[in-house]
Amino acid sequence: MSALEIRQVRKDFGATRVLKDVSLSIDSGEFLILVGPSGCGKSTLMNAIAGLEPVTAGEILIAGEDVTWRTPAERDIAMVFQSYALYPSMTVRQNIAFGLEMRKVPKAEREAAVERVADLLQISPLLDRKPSQLSGGQRQRVAMGRALAREPKIYLFDEPLSNLDAKLRVEMRTEIKKLHQRLGTTIVYVTHDQIEAMTLADRIAVMRDGHILQLGTPEEVYNDPVDMFVAGFMGSPSMNFIQATLEGDAGAYRLAIETPESPRLVLPWPAARETPAMADAVGGRAVLGLRPEHFSEEDLRLGDRAEGTLLAAKVTVAEPTGADILLRLPLGDGEVTARVGPKASIAAGEWIELRVDMSRAVLFSPDSERRLA
Amino acid sequence: MVTTTLGDGTGSAASRRTPAARLQDWLPRLVVAPSFAISLFFVYGFMLWTFVLSLTNSRMLPQYDFIGFAQYARLMENERWWVASTNLAIFGGLFVVICLVIGAGLAILLDQRIRQEGVLRTIYLYPMALSLIVTGVVWKWLLNPSLGIEAMVQGWGFESFQFDWLVDSDMAIYTLVLAAVWQASGFVMAMFLAGLRGIDDNIIKAAQLDGASLPRVYWRVVLPCLRPVVFSAVMILAHIAIKSFDLVMALTGGGPGYATDLPATFMYVHAFTRAQIGLGSASAMLMLGAVLAILVPYLFSELRGRKHG
């Protein structure tokens, strides 16, 4: 039985439809991340799950029970807010215990729960402070503690790390992951940060304009995106989209890329990754999607020229990030980003030979932006 | 060049400064000085003078035969003073509490994202724009048994209806509360509304998820956040209550008899119309003492609490 099931949920604000028949099912213990640009409806969906926004149509089931018209309190859900939303007039201890107090849990049990949570999140020394006396990271921990104290059926996290600085965000990300592994809780987590989504999720739901475009494991969403939006949204630096013409026949499709200066580049499409849809698109335009890591520096020592296609280009910008170097290269009518190893000593203006790994490339139709192959 | 700095550094630095720079230093003090001097003289000076007068047996005009605290002793034996003091306790207490309750209630209701909020807010706030004299006169007519509400309801046919608090010496003090609450609660509402707007909506959502019902959310979570607002509101309402002189004069004139006398009207009557300046001054000093006795501990606890809170 799924911990949370959303069936055809629709939400209108006046004439605007913010959620367009969203359906979703989450297993017990699963970590699901809703990701998408701002205004895609992910926060509205979360509020609908929490019961903070009534839905216009559809059903929400928690542990098999229809809770569509129940109040937030009756749904047995805990939520961590982006702004933390700690009760300013209460101490950390009272903040954590408030939910239990409202549910008439005896005092001794409440205190035990506070101690347990405080140990778990290492906030024991802060228990008697007021939220205004805490740093951002500490408030974040308290907000999580408040959610954890009650042991609800589902945890909702609404962009919980957005207000933290970069270093703390990475730390807390790891901590949330550890907590989830330890406690095995069901979590729905909203973020617009695709790295958070990739690192934390069991499954990712990519949303746009009130739809779920793709629901899958981080690997699926990253390697096998359904359309150009998902492909471009996940991954940083994002996927390169190259305008090309699809040529050839089944078994020997080729992608021809017109390059202004040099002769046109022809990339053979691996036969193993052909789809029936490609047959109809032959002779027409197609968009080739290549991630920066699908380019690799040509290593002459290996000499396995059989695999991949060689590409020579003049580097326009080289950005060393430490771990690797990002190169901007002209290709087709635009520029692409390639990620190469840090040993390459390349400066702008130099020519480089790169191997393109076509076995991981994806192909989109330029009109519908959907996947061709 | 080195030797000059070895001397009295500050003195030589100051003497080398241009007049403009010196003016710049003194300008804030110069600007504040007149109002400082004026308030020193007219507020604290007159306070002191009143205290001096309260120790004399001045009657029609100030004179300086000191008779110690005899005026205070007379005051303690004056029944009218006790009526006025009790009235102030009733009036002030009810006025402050009812205004806070109504103001907070209206603000919470108005904060529920309702339509036409701006219009409603203005309507509720408007009474504050009237002078207390106007309020007093309006309510005097409304409460007049032969003109106002009683006459109207009786005119509808409910002959036995009675609403004659204004002329009932036991109830007249409550008409003052009624009029003053009508005037000030909209203002308190505006203060609370501003406070509520400053509260993160997510706090209310979080409390709802934690299982609190809406009344409990407000009582346990939101209102405690509004402590500074309550503090300001109590300050303002308390001083309105204590200086309520015009309202009493317009609405009841202290009557029936002296049933609705407040210390302020008592002081005025004795000092200026009954030629008892000494007694009036003594009552004024007691009012000041009462105000300080209430406000100082409250101010102290609030301001200290906030520093640590």
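At what angle do helix α6 (residues 117-125) of chain B and α9(B) pack, and how far apart are their axes? The legends below take up this and other views of a predicted model.

**View 1. Helix α6 against helix α9 in chain B.** Helix α6 (residues 117-125) of chain B packs on α9(B) at about 135 degrees. Their axes lie 7 Å apart. The angle makes α6(B) oblique to α9(B), because angles over 145 would be needed for roughly antiparallel. From α6(B), the contact takes R121(B), Y124(B) and L125(B). From α9(B) come G186(B), F187(B), M189(B), A190(B) and L193(B). Six residues of this contact are nonpolar, one is polar and one is charged.

**View 2. Helix α7 against helix α9 in chain B.** Helix α7 (residues 132-143) of chain B meets helix α9 (residues 172-197) of chain B at an angle of about 125 degrees. The two axes are 10 Å apart. That angle makes α7(B) oblique to α9(B). The crossing of α7(B) past α9(B) is right-handed. On α7(B), the residues involved are L132(B), T135(B), G136(B), W139(B) and L143(B). Their partners on α9(B) are T175(B), L178(B), A179(B) and Q183(B). The contact of α7(B) with α9(B) holds five nonpolar and four polar residues, with no charged ones.

**View 3. The contact between chain A and chain B.** Chain A brings 18 residues to the contact, and chain B brings 14. Within chain A, β6 (77-80) and α2 (92-102) each supply at least two residues of the side that touches chain B. That side of chain A has 13 nonpolar residues, three polar and two charged.

**View 4. The two domains of chain A.** Domain 1 spans 2-233 and domain 2 spans 240-364 in chain A. Their centres, taken over C-alpha atoms, are 39 Å apart. Five residues of domain 1 of chain A are in contact with six of domain 2 of chain A. On the domain 1 side of chain A, three of the residues touching domain 2 are nonpolar, one is polar and one is charged.

View 5. Helix α5 of chain A covers residues 166-183, 18 residues in total. From first C-alpha to last, α5(A) reaches 26 Å. This is close to the 26 Å expected at 1.5 Å a residue.

Notes:
Residues numbered from 1 in each chain as written. Chains lettered and ligands numbered in written order. Predicted model: local features only at pLDDT ≥ 70, side-chain atom pairs only at ≥ 80, totals over all residues. Contact = placed C-beta atoms within 7 Å. Helix = DSSP H or I, 4+ residues; strand = E, 2+ residues; numbered from the N terminus. Nonpolar A, V, L, I, M, F, W, Y, C, P; charged D, E, K, R; others polar. Domains from an automatic or database assignment. Axes fitted to C-alpha atoms, helices over the stretch in contact; angles between N-to-C directions. Parallel < 35°, antiparallel > 145°, perpendicular 65-115°, else oblique. Left-handed = near helix turned anticlockwise from the far one by under 90°. Expected span 1.5 Å × (residues − 1).
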